Amino acid sequence: MTDPVCEILSDQTGIRLFVRLTPKASRNAINGLIEDASGRLWLRASVTAVPENGKANQALIKLLAKAAKWPKSSVGIVAGHTDRNKVLVISGNPAELMTQITELTGGQTHE
């Protein structure tokens, strides 16, 4: 079974989003979803920033916040600071956030 690209936090204050980031790309973009060998779905994103001193992480937060019209302060990286695979927590209404993630991926639920 495929694990979803995002999960509602147990305290209902937001969602956990799984992102696979490609730094030093030719453009900043959200590139749909990808499934890894374990069956986890990841939101594919690319940024032009280099993976030094957190620049790529900041570019990812800026990209997601702009694309989904979230305040940057509501998006935080909780795991994977130095890895391509990242876990983000986005604060807000979980139902609205899940809808926005679906819109970002063009309604895509798997690769």
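## Surroundings of R40

Apart from neighbours within four places in sequence, R40 is in contact (heavy atoms within 4.5 Å) with D3, P4, E7, F18, I34 and E35. This is a predicted model, in which local features need pLDDT of at least 70 and side-chain atom pairs count only at pLDDT 80 or more, while totals for chains, interfaces and linings use all residues. Residues are numbered from 1 along each chain as its sequence is written, and side-chain values use heavy atoms, with hydrogens and water left out.

R40 sits in the loop between β3 and β4. Helices (H or I, at least four residues) and strands (E, at least two) are DSSP runs, numbered from the N terminus. R40 counts as buried because its relative accessibility is 12%; buried means under 20% relative accessible area, exposed over 50%, and partly exposed in between, with a 1.4 Å probe and protein chains only. The side chain of R40 reaches the backbone oxygen of P4 at 2.5 Å. A polar contact of 3.4 Å also joins the side chains of R40 and E7. A polar contact is a pair of N or O atoms within 3.5 Å; within protein, one must be able to donate a hydrogen and the other to accept it, and residues adjacent in sequence count only if both atoms are side-chain atoms.

I34, one of the contacts of R40, lies in strand β3, which covers residues 29–35. I34 is partly exposed, at 26% relative accessible area. Its C-alpha atom is separated by 9.1 Å from that of V5, and I34 and V5 are 29 residues apart along the chain.

## N57 in helix α1

Helix α1 spans residues 55–68 and includes N57. With a relative accessibility of 9%, N57 counts as buried. The side chains of N57 and K86 are joined by a polar contact of 2.8 Å. When neighbours within four places in sequence are left aside, N57 is in contact with L21, I77, H81 and K86.

## Loop residues with positive phi

Q12 is not a glycine, yet its phi is positive, at about 65 degrees. Q12 belongs to the loop between β1 (6–8) and β2 (14–22).

N53 is also not a glycine and has a positive phi, of about 55 degrees. N53 is placed in the loop between β4 (41–46) and α1. At 76% relative accessible area, N53 is exposed.

## The chain as a whole

The protein chain has two helices and six strands. Read from the N terminus, the order of elements is β-β-β-β-α-β-β-α. The radius of gyration of the chain is 13 Å, close to the 13 Å that the globule rule gives for 111 residues, so the chain is as compact as a globular protein of that length. That radius is taken over C-alpha atoms, and the globule rule is 2.2 Å times the number of residues to the power 0.38. Along the principal axes, the C-alpha atoms fill a box of roughly 35 × 30 × 25 Å.

Of the 111 residues, 40% count as buried. Among contacts between residues at least 6 apart in sequence, 54% join residues at least 24 apart. The accessible surface of the chain (Shrake-Rupley method, 1.4 Å probe) comes to about 6,300 Å², and 49% of it belongs to carbon and sulfur atoms. The chain has 13 positive and 10 negative charges, whose mean positions are 12 Å apart. Lys and Arg count as positive and Asp and Glu as negative, while His and the chain ends are not counted. The place of a charge is taken as NZ of Lys, CZ of Arg, CG of Asp or CD of Glu.
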